[in-house]
Amino acid sequence: MPLPLPAAYPRTAVVLSGGEGIRLRPITTDLPKGLVKVGGKPLLQWVLEWLKANGIANIVIGVAYLKDRIIEYFGDGSRFGVDITYSVHTVEGGTGEGFQLAISRYVDEDTFFALNGDQITNIKLTSMLAKHVKTGPIATIAVVHPRLPFGLVEVDKQDNCRGFLEKPVLSDRFISTGVYTFERKITKYLPTRGDIERSTFPSLCRLHRLSVYRHPGSFITVNSLRELEEAEETMTEKKLS
């Protein structure tokens, strides 16, 4: 039985699922990225089920590319135990327009979760929220240590090979998971067009209003055919284990 959630716990998440998924073509030529299957389920379904398990009841999905396919499949969300509202934006507007429109139209809470809907993870949103509340920023980004997609060759100053590391985890570096906790005032920093990773987050960094939550668990992203293949292998292994 899940633990009871704090009274002030956010119940809303904004999920962007409007990109063209160009690096997943030809699969996404006539299929939105959110409906690409991983481990037998559409990618966006993994996201919705994870949000529900984390106590999120109201989900705003930002849609653009092949939006009718997304809306037709997920409907009002009742089949998945959540309430879904759709916010339409343009592909060209990027994540800035997507978040700006979705938040201004449908988000009433002062604090809420937001994410790019292309990851499978076990981030505990209660833990992430606790870090956000403690540090008091405008936004908190969940981060993980990256795993190199290729082997690393260790070389000394004389160009001698000293060893191999197959797809190592870089324990001294972090990457964004695309999962965020936002304060509603973030709308002041969102661009009308363009991606928040290139505008909003650098601005908040300079203002010291951007925090991070170090996620110690699993994180799978699907942005390319190679990542899709690796995600399929990972999810298959988890089913068999």
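These legends describe close-up views of one predicted model.

Residues are numbered from 1 along each chain as its sequence is written, and side-chain values use heavy atoms, without hydrogens or water. Because the model is predicted, local features need pLDDT of at least 70 and side-chain atom pairs count only at pLDDT 80 or more, while totals for chains, interfaces and linings use all residues.

**View 1**
Helices (H or I, at least four residues) and strands (E, at least two) are DSSP runs, numbered from the N terminus. Here 7 strands form an open sheet, in the order β5-β4-β1-β6-β11-β8-β12. Two strands pair if DSSP finds at least two bridges between them. The pairing in this sheet is mixed. Its edge strands are β5 (83-88) and β12 (210-214), and each pairs on one side only. The twist averages 25 degrees from one strand to the next. Axes are lines fitted to C-alpha atoms, for helices over the stretch in contact, and angles run from 0 to 180 degrees between N-to-C directions.

**View 1. Strand β8 and its two partners.**
Strand β8 covers residues 139-144. It runs antiparallel to β11, and 5 bridges join the two. V143 has S176 of β11 as its bridge partner. With β12, β8 pairs in the parallel sense, over 5 bridges. There, I141 has V212 as its bridge partner.

**View 2. The two faces of β12.**
In a regular strand the side chains alternate between the two faces of the sheet. On β12, S211 and Y213 make up the covered face. L210, V212 and R214 make up the uncovered one.

Contact means heavy atoms within 4.5 Å. Helix α3 packs on the sheet and touches β1 (12-16), β4 (58-63), β5, β6 (111-116) and β11. The direction of α3 makes about 125 degrees with that of β5. Q100 sits in this helix. Is Q100 buried or exposed? Buried means under 20% relative accessible area, exposed over 50%, and partly exposed in between (1.4 Å probe, protein chains only). Q100 counts as buried because its relative accessibility is 19%. Leaving out residues up to four places away in sequence, Q100 touches T187 and L190. Q100 and G62 are 38 residues apart in sequence, and 9.9 Å apart in space, C-alpha to C-alpha.

**View 3. H132 in helix α4.**
H132 is part of helix α4 (residues 125-135). Its relative accessibility is 2%, so H132 counts as buried. Which residues does H132 touch, not counting those up to four places away in sequence? They are T111, P137, I138, A139, T140, T181 and E183.

**View 4. The enclosed helix α1.**
Helix α1 spans residues 43-53. It is largely enclosed by the rest of the structure, because 8 of its 11 residues are buried. Those buried are L43, L44, Q45, W46, V47, L48, W50 and L51. Just after α1, G55 takes a positive phi of about 85 degrees.

Most residues other than glycine have a negative phi, and most peptide bonds are trans. A cis peptide bond joins R25 and P26, with omega about 15 degrees. P26 lies in the loop between β1 and β2 (37-38). D159 is not a glycine, yet it has a positive phi of about 65 degrees. D159 is in the loop between β9 (152-155) and β10 (161-165). D159 counts as exposed because its relative accessible area is 64%. H208 also has a positive phi, near 60 degrees. H208 is in the loop between α5 (200-206) and β12. At 72% relative accessibility, H208 is exposed.

On a 1 Å grid over the protein atoms alone, a pocket is an open set of points where a 1.4 Å probe fits, with protein on both sides within 12 Å along at least five of seven lines. Lining residues have an atom within 4 Å of a point. A volume is the space filled by probe spheres set on the points, which are joined across faces, edges and corners. The largest pocket has a volume of about 1,600 Å³. It is lined by 48 residues, and D118, F219, T221, N223 and E227 are the closest to its centre. The elements giving two or more residues to the lining are α3 (94-106), β11 (175-183), β13 (219-221) and α6 (225-240). Helix α6 gives the most, with 6 residues.
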